[in-house]
Amino acid sequence: MPFDIEFLKKEKYCTLDVRSHIHYLEDIFLSIDDEWQNPSPKISRLTKKGYTVYDGPSLRNVLYVSNITDNLVKNVRDFMIESGIKQGLESLFQSNIGVCNIRAYRFTNNPPDNKTHYKDLLDLENTGFNPHLDGLCAGAIKLMIFKSKGEEKITLQHGALEIKPKNHWIPLVGESPVVAIFPPNIVLHRAYQPAPGKIRDAIELTIIKRKSDDFLVESSGAHAGYPLDMELWNNKAINN
């Protein structure tokens, strides 16, 4: 098992060592580099119908990948299966699962305008993710994969994610990549602005239960949430 299920149940989070399978995600991290070289003027907030979506201001210093291609989605699917994470989460849920969203982004200090989604609605006051809970469907889990750009470790200076599963904040720091699972609806989380010159890239997977035993993986947009029609989600064919 790639992670300690009992620890996750008890502590409401866990970290994972996925270095032997991180190659499945390299093309997504490269797509973050590509977006940085040629940023989309507007965020691809919602790319599939039938999902909730956040339409408020987005942090100026977060740059989202605009197009998670079918090939990148397949890579995520392979990563989840070959790493054993899919099997582990299905044991945790006692249910089949699916990935209802993939998003990838770069978190920096104070980027120039040409490294932002400069034509979108941007938050010009905040520079980090304030403590919050997500408003996803009940039981949702997030799998977060973080890499520091050009460095071997992720520190708080990189704007590392911090979680508060109980009474104190736990920084997700260490050798890059840092990988964690937690239920974002019930675990407070935050991330402060990276220090100048520090870059933190992230791949974020939203994982929910699914009745069908085929493993559906979708990318639904940089600000998408969860399927509005869970019956449709449960019966959606894998090739749709």
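Which residues does E35 touch, not counting residues up to four places away in sequence? E35 touches S40, L63, Y64, V65, S66 and H117, where contact means heavy atoms within 4.5 Å.

## Basis of the model

This is a predicted model, in which local features need pLDDT of at least 70 and side-chain atom pairs count only at pLDDT 80 or more, while totals for chains, interfaces and linings use all residues. Residues are numbered from 1 along each chain as its sequence is written, and side-chain values use heavy atoms, with hydrogens and water left out.

## Helix α2 and E35

E35 lies in helix α2; helices (H or I, at least four residues) and strands (E, at least two) are DSSP runs, numbered from the N terminus. Because its relative accessibility is 7%, E35 counts as buried. The terms used here are buried for under 20% relative accessible area, exposed for over 50%, and partly exposed in between (1.4 Å probe, protein chains only). E35 and A104 are 69 residues apart along the chain, and their C-alpha atoms are separated by 10.0 Å.

Helix α2 covers residues 26-37, twelve residues in total, and reaches 17 Å from its first C-alpha to its last, close to the 16 Å expected at 1.5 Å a residue. The expected span is 1.5 Å times one less than the number of residues in the helix. The buried residues in α2 are I28, F29, S31, I32, D33, E35 and W36. An α-helix has 3.6 residues a turn, so residues three or four places apart point the same way. The packing partners of the buried residues of α2 are β4 (62-64), α3, β5, β8 and β15.

## Helix α3

The end C-alpha atoms of α3 are 18 Å apart, which agrees with the 18 Å that its 13 residues should span at 1.5 Å a residue. Buried in α3 are L72, V73, N75, V76, D78, F79 and M80. The buried residues of α3 pack against α2, α4 (85-93), β5, β8 and β15. G84 follows α3 and has a positive phi, near 85 degrees.

## Pockets

The largest pocket holds about 760 Å³ of space. A pocket is an open set of points on a 1 Å grid over the protein atoms alone, where a 1.4 Å probe fits, with protein on both sides within 12 Å along at least five of seven lines; lining residues have an atom within 4 Å of a point. Grid points are joined across faces, edges and corners, and a volume is the space filled by probe spheres set on the points. The lining of the largest pocket has 34 residues, and Y54, R103, F129, H132 and D134 lie nearest its centre. Strands that each supply at least two residues of this lining include β5 (97-107), β8 (141-148) and β15 (200-209). By class, the lining of the largest pocket has 16 nonpolar, twelve polar and six charged residues. Ala, Val, Leu, Ile, Met, Phe, Trp, Tyr, Cys and Pro count as nonpolar, Asp, Glu, Lys and Arg as charged, and the others, Gly among them, as polar.

The second largest pocket has a volume of about 440 Å³. It is lined by 24 residues, of which K48, D70, V73, V217 and S219 are the closest to its centre. The largest share of this lining, four residues, comes from α3, and α3 (70-82) and β5 each supply at least two residues. The lining of the second largest pocket divides into ten nonpolar, eight polar and six charged residues.

## Loop residues

The loop between α1 (5-11) and β1 (14-16) holds Y13, and K12 lies in the loop between α1 and β1 as well. K12 is not a glycine, yet its phi is positive, about 70 degrees; K12 is partly exposed, with a relative accessible area of 31%. Y13 counts as buried at 13% relative accessibility. Not counting residues up to four places away in sequence, Y13 touches F7, L8, I163, P165, I170, I181 and F182.

Q94, in the loop between α4 and β5, is a residue other than glycine with a positive phi near 55 degrees. At 69% relative accessibility, Q94 counts as exposed. N109 is in the loop between β5 and β6 (122-123), and its side chain reaches the backbone oxygen of P194 at 2.8 Å. S176 and P177 are joined by a cis peptide bond with omega of about 5 degrees; P177 is in the loop between β12 (174-175) and β13 (178-182).

Note on methods
Polar contact = N/O pair within 3.5 Å; in protein donor to acceptor, adjacent residues only side chain to side chain.
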